[in-house]
Each structure stands twice: as C-alpha cells, then as structure tokens.
Amino acid sequence: MIDRADFLDRFGGVFEHSPFIAERALDAGSVALPLTAAGVHGALTEAFRKASHAEQLGVLRAHPDLAGKLAIAGELTEDSRKEQAGAGLDRLSPEEHARFTRSNTDYTEKFGFPFIIAVKGLDKSDILAAFETRIGNTADEEFETAKAQVERIALLRLNALLPGD
C-alpha cells in the first residue's frame, strides 16, 4: 500500500509547485507498486492531461524564468536550481543574461507563461536557439509544446528520484 503523505512528500513537487497533480494521480488509483519512474510518470502525466486548461496554464506559470530574477535571488526550487546550473545558466556573462532577460520577457508577453524547456543535456546556446524558434509558434502550438516539456522535466526528475528504473 502506498502511504499518501510519503507519496505526496516525495512526488508532490515533480510538477513544479503543483502538488495537486500527485494528489489526483494517487486518488485516481493510477499509481501502482512497485514505484518506478515510468509508472509514476504515467500516473502523474495522466492527471496533468486530465486537468482543466486553466489548471494546466497554472502549472506552466508555476515554472520560473530561465536565468531569471528567482535564480538571481536564490529562490528557485532545488530541482530548478540544479537543472539550470547543469545547463550553465548560473554562469552567464552580463550580455548573455541580458539576452535571456529579453527572450523571457518577449516570450511571456506573447504566450502568457514562462518559456519552459527540459534543459538536461542542453547548453545556453541550445536554449537560446529554442527561444528563437519557439517564439514563432502559435499560442496553441506553444501551449502544447510547453506541456510536453513539463512532462519531460517530470520524467527527468522522477528518474533522479527512482534510480535504477
């Protein structure tokens, strides 16, 4: 049997600041033992996809800007801090930081949520290239792209939480 409090403590933050995803997955009976990254991801993703458009938008908006003000203030979640540092976003030159700030602002103004990308395996030039490509998407295309990236980030986080899967 899965202990609710333990499950929510371990997996409630997999979808950034959105523990309701883990709660709904558990309540739906979608989580099975033994806990594996693939199994938990499937359950969480199902709950995310069944969420309303407004709730999904809230999940997207819960993500921080890349190399943004939360990073500078040291207020990222531990997962986001590690992910951004892994891509070198904690070591930007002033010019690079200005470019990220402009890109974040332009993107958020156009789409209404921050630019989201699973940064593992990417560097700052890959991320800036993705900004430039994705800013040309329609609102619907980008909403779907951002949701797919959120799901990818969740899988990467689960792979770190449940090694050996």
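Biologist: How much space lies in the largest cavity?

Modeller: A cavity is a spot where a probe fits but cannot get out. In this predicted model, the largest cavity holds about 130 Å³ of space. Searching the whole structure turns up one cavity of 30 Å³ or more.

Biologist: Which residues lie nearest the centre of that cavity?

Modeller: Look for His 63, Leu 66, Glu 83, Ile 117 and Ile 153, which are among the 14 lining residues.

Biologist: And which helices supply at least two residues each of the lining?

Modeller: Those are α6, residues 78-86, and α9, residues 139-161. The largest share comes from α6, with three residues.

Biologist: How does the lining divide into nonpolar, polar and charged residues?

Modeller: Eight are nonpolar, three are polar and three are charged.

Biologist: Let's turn to helix packing. At what angle do the axes of α7 and α8 cross?

Modeller: Helix α7 covers residues 94-111 and helix α8 covers 124-134; their axes come within 11 Å and cross at roughly 30 degrees. Angles under 35 degrees count as roughly parallel, so α7 is roughly parallel to α8.

Biologist: Is the crossing left-handed or right-handed?

Modeller: Left-handed, as α7 passes α8.

Biologist: Which residues make the contact?

Modeller: From α7 you get Glu 96, Arg 99, Phe 100, Ser 103, Asn 104, Tyr 107 and Phe 111. On the α8 side sit Lys 124, Ile 127, Leu 128, Phe 131, Glu 132 and Arg 134.

Biologist: How many of them are charged?

Modeller: Five, alongside six nonpolar and two polar residues in the contact of α7 with α8.

How values were computed
Residues numbered from 1 in each chain as written. Predicted model: local features only at pLDDT ≥ 70, side-chain atom pairs only at ≥ 80, totals over all residues. Heavy atoms only, no water. 1 Å grid on protein atoms, 1.4 Å probe; cavity = no way out; pocket = protein on both sides within 12 Å on 5 of 7 lines; lining within 4 Å. Points joined across faces, edges and corners; volume = space filled by probe spheres on them. Helix = DSSP H or I, 4+ residues; strand = E, 2+ residues; numbered from the N terminus. Nonpolar A, V, L, I, M, F, W, Y, C, P; charged D, E, K, R; others polar. Axes fitted to C-alpha atoms, helices over the stretch in contact; angles between N-to-C directions. Parallel < 35°, antiparallel > 145°, perpendicular 65-115°, else oblique. Left-handed = near helix turned anticlockwise from the far one by under 90°. Contact = heavy atoms within 4.5 Å.
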